[in-house]
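Work through the exercises below with the model open. Each task is followed by its solution.

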Amino acid sequence: MLNTLASPISSLLDSRIKGHSLPAGLYTREDVFQADLDVFFSRHWIHVGLECDVPEAGDAVVIDIGSTSLILLRDDDNDIRVVRNVCRHRGARLLDAGSSVISKLVCPYHQWTYDLSGELSYAPHMGKDFDKSCRRLKPVNFKSIGGLIYICLSDNPPEDIKWLEEVMAGRLAPYDIRNAKVAHHLDVIEKGNWKLTMENNRECYHCSANHPELCVSFVDLDFGYDPDSLSPEDREEAEAHFAMYSERTKGWEADGFPSSTVEQVRNCETNFRTQRLIIAGAGESQTEDSTAASQKLLGTMTRKDLGDTHLWGHSSWCHFMGDHAVISIAIPLSADTTLIRTKWLVHKDAIEGVDYDLAKLTHVWTETTNQDAELVARAQAGVQDPGYEPGPYSRFTEVALDDFATWYIERMRAHGY
Ligand code: 3BY
Ligand code: FES
Ligand code: FE
């Protein structure tokens, strides 16, 4: 929705009121969307996939972000590679969207052929003096953090991803996500700007009224509450929950499982937060009855009672539990649509119907994802309305949104907007 009378992006950034949601144009305008792609999806590290998306040599998957297309693949030495999906002859796309199994990358146009290492191995009719070695596929900066693939399209990637690497290496090790199996994959297109998606994900203010399935296992107290809004009984219950939460966290820490909250959300380039959350009820997993969906636990896990290691980035969120993990990645498609790609991971040897029931595994987050898509569409419709004006975030339940909006403005400014 291009507003032809638009003010410069910098005026929109200036007009943001602290503690309030963003001015409408930042959620709706095409020029802002292009700036967002440039700043948040090209110059920052983004979580785009998993090592286990490409478990075997020759597996490849295409990842499209704006006009950029990448290939995540596993080469003949079993190493992960990320290359541009752009032929070095006249630029044609090499692979179509989705997954493939390949022994070489052959361009459909004139059949230039690349090894899985990206090296150009065959380019007929180019003359004796043609140097194939300068025409390898362009590699992309990437990191595997415990099996989660982060890429950065900039030649100067932010260095403060080191803290994320350091913190998550130990926390993710027992889940062995590198060698997990993708048991299910769900793509949902939300009719909303990616920032509304992320704002929605950073609060659980909306949970009790909208996520009956998630609320069975999700303890949302960690997302804050206003004690004065609660009756004395509810307040007592909330305090008891907090006491139980901190006891359990101490217990996990004492057993050698890092659980405390670590976040980098202000004055930083790489935005993330992790903590080990309590699972309510039976305490095992985010399922309908909060018991494990897979009897074969992830990686080297031997306990089902280690809660939910939660990780947020600026465009993804993950839950790692004893029996399975749920990984959700947001990819902006336009100013008002965002692809949410969700994957459910289990132990690589877990067998459907024997070790896990697919419906039980996927029910809660399928429902939650669809419910969130409706909420985000509702929010987008509202911010596009001339009647919208930025509203106040709750200082109890929406502090993380204020941090996100503030970080957003700071990063835009840091990149010259
Ligand atoms: O699961 C999440 O990542 C977020 C956090 C709180 C609510 N929501 C579903
Ligand atoms: Fe790929 Fe010509 S564009 S071989
Ligand atoms: Fe939600």
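**Exercise 1.** Find which residues are around ligand 1 and sort them by class.

Step 1. Around ligand 1 lie N201, C204, C207, F223 and W317, where a residue is near a molecule if its C-beta atom, placed from the backbone, lies within 6 Å of it.
Step 2. Ala, Val, Leu, Ile, Met, Phe, Trp, Tyr, Cys and Pro count as nonpolar, Asp, Glu, Lys and Arg as charged, and the others, Gly among them, as polar.
Step 3. The shell of ligand 1 then has 4 nonpolar, 1 polar and no charged residues.

The model is predicted: local features need pLDDT of at least 70 and side-chain atom pairs pLDDT 80 or more, while totals for chains, interfaces and linings use all residues. Residues are numbered from 1 along each chain as its sequence is written, and chains are lettered from A and ligands numbered from 1 in the order in which they are written.

**Exercise 2.** Describe how helix α5 meets helix α9.

Step 1. Helices (H or I, at least four residues) and strands (E, at least two) are DSSP runs, numbered from the N terminus.
Step 2. The axes of α5 (residues 194–201) and α9 (residues 358–383) come within 10 Å and cross at roughly 125 degrees. Axes are lines fitted to C-alpha atoms, for helices over the stretch in contact, and angles run from 0 to 180 degrees between N-to-C directions.
Step 3. Angles under 35 degrees count as roughly parallel, over 145 as roughly antiparallel, 65 to 115 as roughly perpendicular and the rest as oblique. α5 and α9 are therefore oblique to each other.
Step 4. On the α5 side, L196, T197 and N200 meet D372, L375, V376, A379 and Q380 of α9; contact requires C-beta atoms, placed from the backbone, within 7 Å.
Step 5. Sorted by class, this contact has 4 nonpolar, 3 polar and 1 charged residues.

Note on methods: Two residues are in contact if their C-beta atoms, placed from the backbone, lie within 7 Å.
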